Amino acid sequence: MTEQIHKTIIIGSGPAGYTAAIYAARADMKPLLLTGMEPGGQLTTTTDVENFPGYPDGIKGPEMMTDLQKQAERFGTEIVFDLVNEVIFSEEEKGIHTIKTSNGKEFKTYSVIISTGASAKYLGLEDEKKYAGSGVSACATCDGFFYKGKDVAVVGGGDTAAEEATYLSHLCNKVYLLVRRDEFRASKAMEARVMKTQNIEVLFHHELEGLSGENVVEKAHVFNNQTGEKQELKVDGVFIAIGHKPNTDLFQGKLDMDETGYLITQPKSTRTKLPGVFAAGDVQDKIYRQAITAAGSGCMAALDAEKYLMQIFD
Ligand code: NDP
């Protein structure tokens, strides 16, 4: 039996992966999509998604991902619930790439769309899991609206934390920003914006040690890591903003990455440095990180892959 060589394989099942699948399937590229460990990606861990255009009443994250999956399947995407554990990329034009999975399967393909996403980092506290979706979030743009007029805390001192605190300051009554050192890691401009915002109170040398409340977060328990002094902040929400980790371990040494591990794509395209290998969504975007931008770049990747296939089969 001759070995099947797919036209395109999509790795990852967030908005980028499924959108790439919809476009690729409709272009008759017969995509195969490997879901990874967390089918549906980061959106399956959020509650309501209210900022994805086209849903006037909002939609639950997991529901939206099920819809995207159905839409991709409707046009013939083959979905395989498996985790990729090795990729062997060809460096040749018209080369064949090999993808191996943890179930021992091996797939061959002319093009690959990488949409493995990024994962928000958490502090590792039990209470983060206990109150996930009930007062703990890692995305102010996604969930800030639910805390309108309320008091919240943000943990972190980088650009993400500064940006999230600033965003929340427009919606919330008060924002505590817990920075573990006596200085920010964020850029000076972002720091200055935070410092001059009236309703942000920066607590340097402060760390979060726990949360409490009946069913939802009502208090954040913090301590000063210099004096040991403990304090309870009456807040309804806590935003963990200590960074994201792009899911790119598989591609170490194979594709170009920036210093934080995000895949580098060529400007205004989803092309990586290798022919037939494309990247879309959060795995290559540390700035916007939204479902809609991920979906947009998934579409771009499918179009780029289609164009590539046309060139090599011409
Ligand atoms: P960073 O790694 O830059 O910052 C992480 C922050 O979280 C640091 O202040 C760090 O503290 C703190 N932190 C880490 N672990 C803990 C912990 N366990 N407890 C308490 N605090 C902790 O991540 P960002 O997500 O902020 O930024 C990532 C990259 O994305 C950066 O290059 C940034 O510039 C970029 N970015 C750019 C934006 C823009 O241009 N608009 C917006 C957002 C991000 P410490 O400093 O002590 O290590």
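Hairpins, sheet and domain contact

Q: Which residue in the turn between E15 and E16 has a positive phi?
A: Gly228, at about 80°, in a hairpin with five residues between E15 and E16. Strands here are DSSP runs (E, at least two residues), numbered from the N terminus. The model is predicted, so local features need pLDDT of at least 70 and side-chain atom pairs pLDDT 80 or more, while totals for chains, interfaces and linings use all residues. Residues are numbered from 1 along each chain as its sequence is written, and side-chain values use heavy atoms, with hydrogens and water left out.

Q: How many bridges pair E15 with E16?
A: Five, in the antiparallel sense, with E16 covering residues 230-234. Two strands pair if DSSP finds at least two bridges between them. Phe223 has Lys230 as its bridge partner in E16.

Q: And what about E14 and E15?
A: Strand E14 (residues 206-212) pairs with strand E15 (residues 219-224) over six bridges, again antiparallel. Gly210 is opposite His221 in E15. That hairpin has six residues between the strands, and Gly213 takes a positive phi near 150°.

Q: Switching to the open sheet: what is the strand order?
A: E10-E17-E11-E12-E13, five strands with parallel pairing. E10 (136-137) and E13 (200-204) are at the edges with a single partner strand each, so one side of each has no neighbour in the sheet.

Q: How many bridges join E11 to E17?
A: Four, between residues 151-155 of E11 and residues 237-240 of E17, running parallel. Val154 has Phe239 as its bridge partner in E17.

Q: Where are the domain bounds?
A: Domain 1 is 5-119 + 244-313 and domain 2 is 122-240; the bounds come from an automatic or database domain assignment. Seven residues from domain 1 and eight residues from domain 2 take part in the contact, meaning heavy atoms within 4.5 Å. The domain centres, taken over C-alpha atoms, are 32 Å apart.

Q: How much area do the two domains bury between them?
A: About 630 Å², with 44% of it on carbon and sulfur atoms. Buried area is the accessible area (1.4 Å probe) that two parts lose on being put together, summed over both.

Q: What is the salt bridge count there?
A: Zero between domain 1 and domain 2, where a salt bridge is a side-chain nitrogen of Lys or Arg within 4 Å of a carboxyl oxygen of Asp or Glu.
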